[in-house]
Amino acid sequence: MGDHVVFMLQLIITGIAVGGVYSLMALGFVLIFKASAVVNFGPGELVLFGAYVSWATILPMKLPLYVALPITLGVAILLGLVIERGVLRPLIGEPIISVIMVTFGVASVIRGVLNMTWGSDTRPFPVLFSQEPFHLGPVPVSPVHLWSFVGVLVLLAGFSLFFQYSLTGMAMRATADNQQVAQSLGVSVKRVFALSWCVATVVSTLGGIILGSVRGGVDFSLADLGLKVFPVVILGGLDSVAGAIIGGVLIGVLENLSGGYLDPVLGGGVKEVAPFVVLVIILMLRPYGLFGKVEIERV
Amino acid sequence: MQCGGFRISYRGDERIFDTAVPIVGVVLLLAVLSVVPWYATTYWLDVINRIGIAIIGALGLNILVGYTGQISIGHAAFLAVGAYATGILEIQLGLPFYLAIPLAALIAAGFGLIFGIPSLRLRGLYLAIATLAAHFIATYGIIHWERMTNGVLGLMIPTATVFGIPLDSDARIFYLIFALVVPATFFAKNLFRTRVGRAFIAIRDRDVAAGVMGVSLYRYKLLAFVISSAYAGVAGGLMAHHSRIVFPDAFSLLVAIDYLAMIIIGGLGSILGCIFGAIFMTLLPEVLKLGATSLTGVYPNAFGLIASMRDIVFGFAVIFFLMYEPQGLARIWLRIRSYWKLWPYAY
């Protein structure tokens, strides 16, 4: 194989690995949106929160991973509950601008609290996987990417099973489908709203841990990655779990390929903007995305 | 007996000032403002100048979001276009600022027209996401059009000169800013007594109904974007002359969020609210700074915490207003006023 094929394969593989994390974040976003029609404009801060808390439990507190992880997830669940109970429930039925802005407010508070507690320096993230690259055919792959992708796959499979078979998962899908019908069948819609936030914070936290170990450190630039959720969910369809997963991988690959091939031509930074160009194109042509429900209002 | 707000004609109902008292108030306020530079310290003058710029920017955003109901997270991009257009026109073409700023407003308005196109097909959440994307694309363009914008390093803006007087001090810039804030405010206030303004409000309240009544959604939505971004263009031009340097980081997404917070904390769909919101958001970090200064004795690290304190207070302020006072400071002001109107007889 020629060098350029290897180059392309490498871009695609890295893209898939990063895209897996986008899928996780998008999953959290879509869950909240499906269940409660709330758009979370601070997905990056949830990721940041997870990354910092897991860093704090593993490194400064020197807890072993099997203790640190449950603690981190517990804190994440708590955060989800606080946000839902404290902020979003009182705003049910308010205009969309209020809901959008309140999630910005929450994100700002999270960012401020993290910054105040741990400062803005880059924190070295614990090395969870070996750094030695191995070869998949001719393509060098770093184990971090591989393991993070495997982790994402396991998580996504787990969540799919959860939604498919568990009673709670079914209640969540029912609520997403039709709140009134779900309520009349005995589903506590309030509980589902709270649960969807908890799942979202947990998923974002796991995304944060994976991103932290892929990048080898946590700092506030992680939060900027969170905004990539929007191209992902618009591409996949705002209310589609499958769309979030596939969209995440597609956007990951796309930004890597565009970065790899267009950066030399356009002079850098294409990776950051390409997903948003795709976003605008999709919004104009097919606003409901690949798998979303076709019920967008035309104006 | 006639009492309270008794109006017998539409003209009377539409008046900006119902009685002589607010006219006197406004004249007094303008008189006080015109002598501010002689008494204020450089520090406070700088703060007041930033408030003035923020008022113009917030007016523009409120016309779009508060009055027309088109959610935009791309306001920082309009400000950036205004600031960069001013800078480029002055540096590359050597135009004086009094031509560059109006031209920058026109250029920003043109961008608004383009940004506004998605609003013809999308609304609410989808429009918000589209403007978010537009923000990133515009920022990318600014950073990478290095020949003109000098990339991340930024542009140094030459001193503005009017009739041979260089506007090189905060006091002189103050007059430039307030010479624009006052007409901008009155234009916005007056806009909503005209056909155009009423069409905007109709679109916000129910776009389909507005369309049925003969409001051309196509024309008025784009017009709202154009007016809004022209305001932002002026604000951006003033920013360029106030800080004398224009660089991409000054127009990050956080700036757009700050402006949204301004109009929400001040009051959506309220001109007075823009002023209150601009004052609130500009003073917030300054008050925190003062607090930190007084705390340094007890807690030497206080200054390092200002940035994060600002984020926290800002976030809680937004959450608080949305939950307990969705119509913002303007509403609180109205309540206070109506309380005193009939004081001491509360009925």
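**View 1. Glu45(A), a buried residue of helix 2 in chain A.**
With a relative accessible area of 8%, Glu45(A) is buried (buried means under 20% relative accessible area, exposed over 50% and partly exposed in between, with a 1.4 Å probe and protein chains only). This view, like the others here, comes from a predicted model, in which local features need pLDDT of at least 70, side-chain atom pairs count only at pLDDT 80 or more, and totals for chains, interfaces and linings use all residues. Residues are numbered from 1 along each chain as its sequence is written, chains are lettered from A and ligands numbered from 1 in the order in which they are written, and side-chain values use heavy atoms, with hydrogens and water left out. Glu45(A) sits in helix 2 (residues 43–58) of chain A; helices (H or I, at least four residues) and strands (E, at least two) are DSSP runs, numbered from the N terminus. Look for the side chain of Arg111(A): the side chain of Glu45(A) makes a polar contact with it at 2.9 Å. A polar contact is a pair of N or O atoms within 3.5 Å; within protein, one must be able to donate a hydrogen and the other to accept it, and residues adjacent in sequence count only if both atoms are side-chain atoms. Beyond its neighbours within four places in sequence, Glu45(A) is in contact (heavy atoms within 4.5 Å) with Ala107(A), Ile110(A), Arg111(A) and Ala223(A).

**View 2. Phe159(A) and its partners in chain A.**
Staying in chain A, you will find Phe159(A) in helix 5 (residues 143–165). Its relative accessible area is 14%, so Phe159(A) is buried. Leaving out neighbours within four places in sequence, Phe159(A) is in contact with Leu27(A), Val199(A) and Val203(A). For Phe159(A) and Val203(A), 44 residues apart along the chain, the C-alpha atoms are separated by 9.5 Å.

**View 3. Ser72(B), in the loop between helix 3 and helix 4 of chain B.**
Moving to chain B, Ser72(B) is buried, at a relative accessible area of 1%. A polar atom of the Ser72(B) side chain lies 3.1 Å from the backbone nitrogen of Gly74(B). If residues up to four places away in sequence are not counted, Ser72(B) touches Leu61(B), Leu64(B), Val65(B), Phe78(B), Thr131(B) and Leu260(B).

**View 4. Ala80(B), within helix 4 of chain B.**
Helix 4 of chain B covers residues 75–92 and holds Ala80(B), which counts as buried at 4% relative accessibility. Ala80(B) is in contact with Ile142(B) and Phe251(B), leaving aside neighbours within four places in sequence.

**View 5. Arg244(B), a residue with a positive phi.**
Arg244(B) is not a glycine, yet its phi is positive, at about 65°. Arg244(B) is found in the loop between helix 11 (217–243) and strand 4 (245–246) of chain B. At 29% relative accessibility, Arg244(B) counts as partly exposed.

**View 6. Helix 12 and helix 15 of chain B, roughly parallel to each other.**
The axes of helix 12 (residues 253–266) and helix 15 (residues 328–341) of chain B come within 3 Å and cross at roughly 20°, which makes the two helices roughly parallel. Axes are lines fitted to C-alpha atoms, for helices over the stretch in contact, and angles run from 0 to 180 degrees between N-to-C directions; those under 35 degrees count as roughly parallel, over 145 as roughly antiparallel, 65 to 115 as roughly perpendicular and the rest as oblique. From helix 12 of chain B come Ile264(B), Ile265(B) and Gly266(B), meeting Gly328(B), Leu329(B) and Ala330(B) of helix 15 of chain B. By class, this contact has four nonpolar, two polar and no charged residues (Ala, Val, Leu, Ile, Met, Phe, Trp, Tyr, Cys and Pro count as nonpolar, Asp, Glu, Lys and Arg as charged, and the others, Gly among them, as polar).

**View 7. Leu284(B), in helix 13 of chain B.**
Helix 13 of chain B spans residues 271–295 and includes Leu284(B), which counts as buried at 10% relative accessibility. Leu284(B) is in contact with Arg310(B), Val313(B) and Phe314(B), apart from neighbours within four places in sequence.
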